[in-house]
Amino acid sequence: MIANEMETLELEDVASLLGVSERMVRNYIKDNDLPCVGDGRGRRFVWADVREWYVGYRIEKDGSRGNEACQISGDDDESMEEAQLRKLKAEADLKELELATKRGEVVAIEDVKRSVENVAASLKSAILAMPSKLATRLVGMKDKRAINDVLTGEAEELCTKLQHVADKPVDDEGESDGE
């Protein structure tokens with residue numbers, strides 16, 4: 001929304017233009033004498049008066065002594081347009097994120113966390129099972145190359161199983177399908 005100098009606005013428009021909540025605007029009225037006409041739902045705001053009040057309020061609140069960054073210049077409408085364009089861009093970004101989520105292109109952090117926990121649990125289980133699984137196969141073996149081949153084969157099998165665990169979808173309870 002782009003406001004003209006003498007345009008009258010509703011509370012939600014003023015909140016949007018100032019980048020604050022409607023409650024904050026009501027607080028400005030009650031505690032800081034934000035200029036408005038009428039009361040309740042019939043309350044209206046003249047944009048030029050609101051802008052002038054808000055600049056003064058920010059200068060007073062921030063303790064500015066009128067340095068160049070806080071001085072009012074003739075290009076205030078331009079900065080308001082920039083703020084409105086920034087807001088529109090943020091709203092568009094939010095809509096794109098919502099659409100990407102609906103398309104399944106965005107992954108929730110909790111889903112990733114469950115998946116990683118599932119893989120970690122499978123890895124722990126497989127590693128802890130290796131000694132008992134290999135003990136009988138390695139008993140009596142003296143050839144280092146043969147022992148190495150058995151251990152390497154088990155490690156490769158474990159990696160293959162873990163790859164399958166990582167590829168499986170995680171259900172709502174964080175359990176992977178199968179095995």
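View 1. Of the 17 residues in the largest nonpolar core, Val-25, Leu-34 and Phe-45 touch the most other members. A nonpolar core here is a set of buried Ala, Val, Leu, Ile, Met, Phe, Trp, Tyr and Cys residues joined through side-chain atoms within 4.5 Å; buried means under 20% relative accessible area, exposed over 50%, and partly exposed in between (1.4 Å probe, protein chains only). Helices α1 (11-18), α2 (22-32) and α3 each supply at least two residues of this core. Helices (H or I, at least four residues) and strands (E, at least two) are DSSP runs, numbered from the N terminus. Keep in mind that this is a predicted model, where local features need pLDDT of at least 70 and side-chain atom pairs count only at pLDDT 80 or more, while totals for chains, interfaces and linings use all residues. Residues are numbered from 1 along each chain as its sequence is written, and side-chain values use heavy atoms, with hydrogens and water left out.

**View 2. Leu-34 and its contacts.** Skipping residues up to four places away in sequence, Leu-34 touches Val-25, Tyr-28, Ile-29, Phe-45, Val-50 and Trp-53 (contact means heavy atoms within 4.5 Å).

**View 3. Asp-33, an exposed loop residue.** Asp-33 sits in the loop between α2 and β2 (45-46). Asp-33 isn't a glycine, yet it has a positive phi of about 60 degrees. With a relative accessible area of 63%, Asp-33 is exposed.

View 4. The side chains of Lys-133 and Glu-157 meet in a salt bridge (3.4 Å, N to O), meaning a side-chain nitrogen of Lys or Arg within 4 Å of a carboxyl oxygen of Asp or Glu. Lys-133 is in helix α5 and Glu-157 in helix α6, so the pair ties together parts that are 24 residues apart in sequence. Salt bridges with shared partners join Lys-133, Arg-137, Glu-154, Glu-157 and Lys-161 into one network.

View 5. Glu-154 belongs to helix α6 (residues 144-167) and is buried, at 6% relative accessible area. Leaving aside neighbours within four places in sequence, Glu-154 is in contact with Met-130, Lys-133, Leu-134 and Arg-137.

View 6. Lys-87 pairs up with Glu-91 in a salt bridge, their closest N and O atoms being 3.7 Å apart. Both lie in helix α4, 4 residues apart, or about one turn of the helix.
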